[in-house]
Amino acid sequence: MSTETELLKQMDLGANHLPYVIPIHPNLVHLTLGLFIVAISFDIVAVLFPVEKALFKYLAIPVTRSGLFDVGWYNMLGAAVITFFTVASGFYEMILADPIPDVKSAWGLQALDTMVWHGVGGVLLLTLIVGMTVWRGFQRFAWRKDMARQVQWGYIAVGLVIFGIMFLQGTLGAHLGGEFGIHTTADQLIQVGENPDLRL
Amino acid sequence: MLDSLLPPLNEHNLPYPDTIHPIVVHFVIAMVLFAFVCDIVGYFTRNPKLAEVSWWNLFFATIAIFIAVIFGQVEAGLAEPYSAAVSTLNLHTLIGWSLSGILAGITGWRYVIRSQNKPQLPMPYLVASVALVGLVIVQTYLGDLLVWVYGLHTVPVVEATRGGTL
């Protein structure tokens, strides 16, 4: 028996190969994606504010452009803070992963390739989100402090490119859970020949 | 006969590549929790900007939850849960529909508070938002059980169900 399996045995892992019932990483992912996407979306709404003004008036919702930009800033800040934990928990749970062998994902990748790409994507996205937050901060507090339009078009464009990277990253993550059965209790039980209906 | 008009289902038992409901719920979970964090930080720092950020996050969450319920209902209908998973799916469905009403109600309340221009949020509202956050966390946990413990819509579970071994 290798030292690695010796160490894993000491951890008292469940059938899902985790020391707890549900994985933490996918839950923090809700926060990273929700906060980032809403931040960029509100900056888009704020940039296009002159066009939408009449609609908000019709809906009787009082709106200030600076209020919309506030969402763009604070949500982005929140995304940057939480994503350190999203990536940290992701690497912890990746170390404990026990993928179903000899399976190819819908994208034709093996489990290890999918994990490597998802890991690289996670570090890349963390870097991009922190970079976007710094960029956003400079626009808000320095470069465009006294301008009605708080963000540059380039910032919005990069934000939309990051949406695309997030889609790829999210699909790889979905493959890890839903196709390779990583940390999915029922899949792991089926893999060792047990019936989840009797065990859960 | 009618079956031939419906799109074919893949190895996740879905007519499209992956589940959509767990993606849409990002915008309910993250926005409700962040709105609450903004209210708490805003309460202590007395930063009126955070009250506005909180309101817009709730507004977004309210639109998102109805889309989440629609996809949730479609994907629950295609989940073919085995007996052990049924009660969790039922409770998740019940709380999901209820939350759509509760969240819309609290967002409406927030709209009224916002239009009154008061310096602080009323205590009953803060109590209600604590309850809302609690309900969202419970609901997220139940959804986690359906995906990560019962493995609904995962390839091995769908395969076992189709093969008659589950």
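At 24% relative accessibility, His17(A) counts as partly exposed, where buried means under 20% relative accessible area, exposed means over 50% and partly exposed lies in between (1.4 Å probe, protein chains only). The model described here is predicted, so that local features need pLDDT of at least 70 and side-chain atom pairs count only at pLDDT 80 or more, whereas totals for chains, interfaces and linings use all residues; side-chain values use heavy atoms, with hydrogens and water left out. Residues are numbered from 1 along each chain as its sequence is written, and chains are lettered from A and ligands numbered from 1 in the order in which they are written.

His17(A) is placed in the loop between helix H1 (3-10) and helix H2 (25-47) of chain A, helices here being DSSP runs (H or I) of at least four residues and strands (E) runs of at least two, numbered from the N terminus. Although His17(A) is not a glycine, its phi is positive, at about 65 degrees. Most residues other than glycine have a negative phi. A positive phi, of about 55 degrees, is also found at Arg46(B), which is not a glycine either. Arg46(B) lies in the loop between helix H2 (26-45) and H3 of chain B and, with a relative accessibility of 61%, counts as exposed.

Turning to chain B as a whole, its secondary structure consists of six helices and zero strands, and from the N terminus on the elements follow the order α-α-α-α-α-α. The C-alpha trace of chain B spans about 60 × 30 × 20 Å along its principal axes. Chain B has 166 residues, of which 50% count as buried. Among contacts in chain B (heavy atoms within 4.5 Å) between residues at least 6 apart in sequence, 78% join residues at least 24 apart.

Between the two chains, 46 residues of chain A are in contact with 43 residues of chain B. The area buried between chain A and chain B is about 3,400 Å², of which 70% is given by carbon and sulfur atoms, buried area being the accessible area (1.4 Å probe) that two parts lose on being put together, summed over both. Of the area that chain A buries against chain B, 17% is supplied by His30(A), Tyr74(A) and Asp197(A), more than by any other three residues.

Two packed helices are described by the angle between their axes and the distance between the axes. Helix H4 (residues 65-95) of chain A and helix H3 (residues 48-77) of chain B have axes that come within 9 Å and cross at roughly 85 degrees; axes are lines fitted to C-alpha atoms, for helices over the stretch in contact, and angles run from 0 to 180 degrees between N-to-C directions. H4(A) is therefore roughly perpendicular to H3(B), given that angles under 35 degrees count as roughly parallel, over 145 as roughly antiparallel, 65 to 115 as roughly perpendicular and the rest as oblique. On the side of H4(A), the contact is made by Gly67(A), Leu68(A), Asp70(A), Val71(A), Tyr74(A) and Asn75(A), and on the side of H3(B) by Lys49(B), Leu50(B), Glu52(B), Val53(B), Trp56(B) and Asn57(B). The residues of the contact of H4(A) with H3(B) comprise six nonpolar, three polar and three charged, where Ala, Val, Leu, Ile, Met, Phe, Trp, Tyr, Cys and Pro count as nonpolar, Asp, Glu, Lys and Arg as charged, and the others, Gly among them, as polar.

Two residues in helices of chain B were examined with their contacts. Ala30(B), in helix H2 of chain B, is buried, with a relative accessible area of 2%. Leaving aside neighbours within four places in sequence, Ala30(B) is in contact with His30(A), Leu31(A), Gly34(A) and Leu35(A). The C-alpha atoms of Ala30(B) and Val136(B), which are 106 residues apart in sequence, are 9.8 Å apart in space. Val149(B), placed in helix H5 (residues 123-149) of chain B, is likewise buried, with a relative accessible area of 9%. With neighbours within four places in sequence again left aside, Val149(B) is in contact with Val21(A), Ile22(A), Thr185(A), Ala186(A), Leu200(A), Tyr82(B) and Asp144(B).
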